[in-house]
Amino acid sequence: MTRPLYHDPYQPLTFAASVVDVQGQEVALAATAFYPESGGQSSDVGLLRWPGSEARVTHARKDKATGTVWHRVDGELPPWVQR
């Protein structure tokens with residue numbers, strides 16, 4: 001489950017989070033400030049940055065069954081350790 005930072009009253013524009021899973025060009029983070037698509041509202045877009053690179057987030061969606069927010073990225077995927 002992704003911790004939804006977008007519900008916090010101060011709504012951070014930057015945040016730090018670990019990559020917990022990758023599927024194709026989608027990345028799941030431990031926490032996110034990207035609001036996922038919901039009820040006809042478009043998702044937030046922006047950048048994921050890590051040392052030495054970055055990728056554009058073009059879409060965010062929430063898996064209702066797991067609570068995971070998936071971030072579709074255009075470009076290189078961030079590094080992560082598969083467990």
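Guide: Gladly! One term before we start: two strands are said to pair if DSSP finds at least two bridges between them. Please keep in mind that what you see is a predicted model.

Let us look at strand β6, which covers residues 53-63, together with its partners. On one side of the sequence comes strand β5, residues 46-50, and it pairs with β6 in the antiparallel sense over 5 bridges. To find this pairing in the picture, look for Gly-46, which stands opposite Val-57 in β6. The two strands form a hairpin with 2 residues between them.

Now follow β6 onward to strand β7, residues 68-74. This pairing is antiparallel too, with 7 bridges. Here Asp-63 faces Thr-68, the residue standing opposite it in β7. Again there is a hairpin, this time with 4 residues between β6 and β7. Its turn holds Gly-67, with a positive phi of about 80 degrees.

Stepping back, the protein has 7 strands and 0 helices, giving the pattern β-β-β-β-β-β-β along the sequence. Its radius of gyration is 12 Å, which agrees with the value near 12 Å for a compact globule of 83 residues. Of those 83 residues, 36% are buried.

Notes. Residues numbered from 1 in each chain as written. Predicted model: local features only at pLDDT ≥ 70, side-chain atom pairs only at ≥ 80, totals over all residues. Heavy atoms only, no water. Rg over C-alpha atoms; globule rule 2.2 N^0.38 Å. Buried < 20%, exposed > 50% of the residue type's maximum accessible area, 1.4 Å probe, protein only.
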